[in-house]
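Please open the sequence and the 3D view before reading on.

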Amino acid sequence: MKSSTYRPDIDGLRALAIIPVVLFHAFPEIFPGGFIGVDIFFVISGFLISSIILDGVSNQNFSFKDFYARRTRRIFPALILMLTAVYAAGYYILLPNEFTRLGKNIAAAATFT
């Protein structure tokens, strides 16, 4: 199997898949089927992840530890930034009981539970 390389066309397809989701959230009554973009995004991401795994297996250098370490290094900085920004905004915007619920939701998001 060919070694995986960066595919800007696939990134473009993922970007296009996000557009209906944004439109759905902005105008749900006008664009009610926009959630399909989430499914498309996940299918494309699954293709990319499967390609990475299959390349590693065929080259006999696949490791779950390395695979998840790469995913963690890629996802966690954005996750931490977003959770911090939401928590800070919530401090100024939300009522005390809403802020308490936000804290619980952030803890669940941070632990993927």
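This is a predicted model: local features need pLDDT of at least 70, side-chain atom pairs count only at pLDDT 80 or more; totals for chains, interfaces and linings use all residues.

The points below go from the whole chain to single residues.

1. Overall fold. Start with the helices. The protein has four helices and zero strands. Along the sequence the pattern reads α-α-α-α.

2. Size and shape. Which radius of gyration does the protein have, and which would a compact globule of 113 residues have? The protein has 18 Å, whereas the globule would be near 13 Å. The C-alpha atoms fill a box of roughly 55 × 35 × 20 Å, taken along the principal axes. Turn the model to view each of these directions.

3. Burial and surface. Of the 113 residues, 17% count as buried. The accessible surface comes to about 8,700 Å². Carbon and sulfur atoms hold 71% of that surface.

4. Charges. The protein carries 10 positive and 7 negative side chains. The centres of the two sets lie 9 Å apart. Colour the side chains by charge to see both sets.

5. The nonpolar core. Which residues make up the largest nonpolar core? They are Leu79, Leu83, Phe99, Leu102 and Ile106, five residues in all. Helix H3 (64-93) and helix H4 (96-111) each supply at least two residues of this core. The largest share comes from H4, with three residues.

6. Leu79. This core residue also touches Ala109 and Phe112, leaving aside residues up to four places away in sequence. Phe112 returns in point 12.

7. Arg14. Find this residue in helix H1 (residues 8-26). Is Arg14 buried or exposed? Its relative accessible area is 14%. Buried means under 20%, so Arg14 counts as buried. Arg14 touches Phe41, Ile44, Ser45, Leu48 and Arg74, again without residues up to four places away in sequence.

8. Ser50. This residue is found in helix H2 (residues 36-58). Ser50 has 38% relative accessibility. That value falls between the 20% and 50% cut-offs, so Ser50 counts as partly exposed. Now compare its place with that of Phe99. How far apart are Ser50 and Phe99 in sequence and in space? They are 49 residues apart in sequence and 39 Å apart in space, C-alpha to C-alpha. Phe99 belongs to the core in point 7.

9. Gln60. Look in the loop between H2 and H3 for Gln60. Gln60 has a positive phi of about 55°, although it is not a glycine. Why does Gln60 count as exposed? Exposed means over 50% relative accessible area, and Gln60 has 75%.

10. Phe112. Go to the segment after H4 to find Phe112. Phe112 also has a positive phi, about 55°, and is not a glycine. Its relative accessible area is 56%. The cut-off for exposed is over 50%, so Phe112 counts as exposed. Even so, Phe112 is one of the residues that Leu79 touches.

Note on methods
Residues are numbered from 1 along each chain as its sequence is written. Side-chain values use heavy atoms; hydrogens and water are left out. The radius of gyration is taken over C-alpha atoms; the globule rule is 2.2 Å times the number of residues to the power 0.38. Buried means under 20% relative accessible area, exposed over 50%, partly exposed in between (1.4 Å probe, protein chains only). Accessible areas come from the Shrake-Rupley method with a 1.4 Å probe; for residues, only the protein chains shown count as cover. Lys and Arg count as positive and Asp and Glu as negative; His and the chain ends are not counted. The place of a charge is taken as NZ of Lys, CZ of Arg, CG of Asp or CD of Glu. A nonpolar core is a set of buried Ala, Val, Leu, Ile, Met, Phe, Trp, Tyr and Cys residues joined through side-chain atoms within 4.5 Å. Contact means heavy atoms within 4.5 Å.
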